[in-house]
Amino acid sequence: MRCIFLFLALLCCVTPGWVGASWAMDGDLIAGCAPCHGLDGIGRDAEIPNLAGQNEAYLFNQLRAFRAGRRAHQEMQYMSRHMTELEMQSLAAYFSSLPPR
Ligand code: HEC
């Protein structure tokens with residue numbers, strides 16, 4: 001847990017626009033994605049897509065589509081059900097900023 005915090009604190013410094021309390025919220029959100037997509041945005045399993053380095057607008061639109069049920073996927077619909085636009089935007093910005101593999 002501690003090293004996740006260090007990692008996020010570091011990210012907070014290198015990612016402009018992440019200020020004050022908002023990064024704590026983003027940190028919690030990202031931690032929820034990590035078991036499947038990894039903190040580094042690389043899928044942990046063959047069925048899980050890599051998010052690292054993907055187009056930001058694409059990621060954002062996929063999250064909206066999952067939330068609205070336009071893109072059907074049980075886990076992702078569950079993950080996105082309570083997300084705000086702002087949260088989806090920051091998640092898309094975070095994962096698109098990571099180096100692809
Ligand atoms: C339980 C595992 C799991 C968790 C947790 C999870 N995802 Fe996913 N995610 C998936 C799977 C599996 C897919 C592929 C869905 C499909 O086949 O349509 C996916 C797809 C996606 C996509 C679409 C990628 C693409 O290339 O089209 C995005 C964006 C995404 N997830 C973001 C997130 C974010 C952000 C979180 C954290 C809030 C998260 N996911 C948490 C399993 C997960």
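Reader: What makes G41 count as buried or exposed?

Author: G41 has 24 other C-beta atoms within 10 Å. A residue is buried if 20 or more other C-beta atoms lie within 10 Å of its own, exposed if 12 or fewer, and partly exposed in between, with C-beta atoms placed from the backbone. G41 is therefore buried. This is a predicted model, in which local features need pLDDT of at least 70, side-chain atom pairs count only at pLDDT 80 or more, and totals for chains, interfaces and linings use all residues. Residues are numbered from 1 along each chain as its sequence is written.

Reader: Where does G41 lie, and which residues is G41 in contact with, leaving aside neighbours within four places in sequence?

Author: G41 lies in the loop between α2 and α3. Helices (H or I, at least four residues) and strands (E, at least two) are DSSP runs, numbered from the N terminus. Two residues are in contact if their C-beta atoms, placed from the backbone, lie within 7 Å. With neighbours within four places set aside, G41 is in contact with N50, L51, A52, F95 and L98. The C-alpha atoms of G41 and R101 are separated by 9.3 Å, although these residues are 60 apart along the chain.

Reader: What makes I42 count as partly exposed?

Author: I42 has 17 C-beta neighbours inside 10 Å, so I42 counts as partly exposed. I42 is also placed in the loop between α2 and α3. Residues up to four places away not counted, I42 touches N50, A52 and R101.

Reader: Why does Y58 count as exposed?

Author: Y58, found in helix α3, has 12 C-beta neighbours inside 10 Å and therefore counts as exposed. The C-alpha atoms of Y58 and S96 are 9.3 Å apart, and the two residues are 38 apart along the chain.

Reader: How many residues does the chain have, and what share counts as buried?

Author: The chain has 101 residues, of which 19% count as buried. It contains 5 helices and 0 strands, in the order α-α-α-α-α from the N terminus on. Among contacts in the chain with a separation of 6 or more, 55% join residues 24 or more positions apart.

Reader: Why are α3 and α5 called oblique?

Author: The axes of α3 and helix α5 (residues 85-96) come within 8 Å and cross at roughly 140°. Axes are lines fitted to C-alpha atoms, for helices over the stretch in contact, and angles run from 0 to 180 degrees between N-to-C directions. Angles under 35 degrees count as roughly parallel, over 145 as roughly antiparallel, 65 to 115 as roughly perpendicular and the rest as oblique. α3 and α5 are therefore oblique to each other. The contact is made by E56, L59, F60, L63 and R64 of α3 and by M88, Q89, L91, A92, A93, F95 and S96 of α5.

Reader: Which residues come nearest to the ligand?

Author: Of the 18 residues around the ligand, C33, C36, P49, Q62 and E75 come nearest. A residue is near a molecule if its C-beta atom, placed from the backbone, lies within 6 Å of it. α2 (22-37), α3 (56-68) and α4 (74-80) each supply at least two residues of this shell, and α2 gives the most, with 6 residues.
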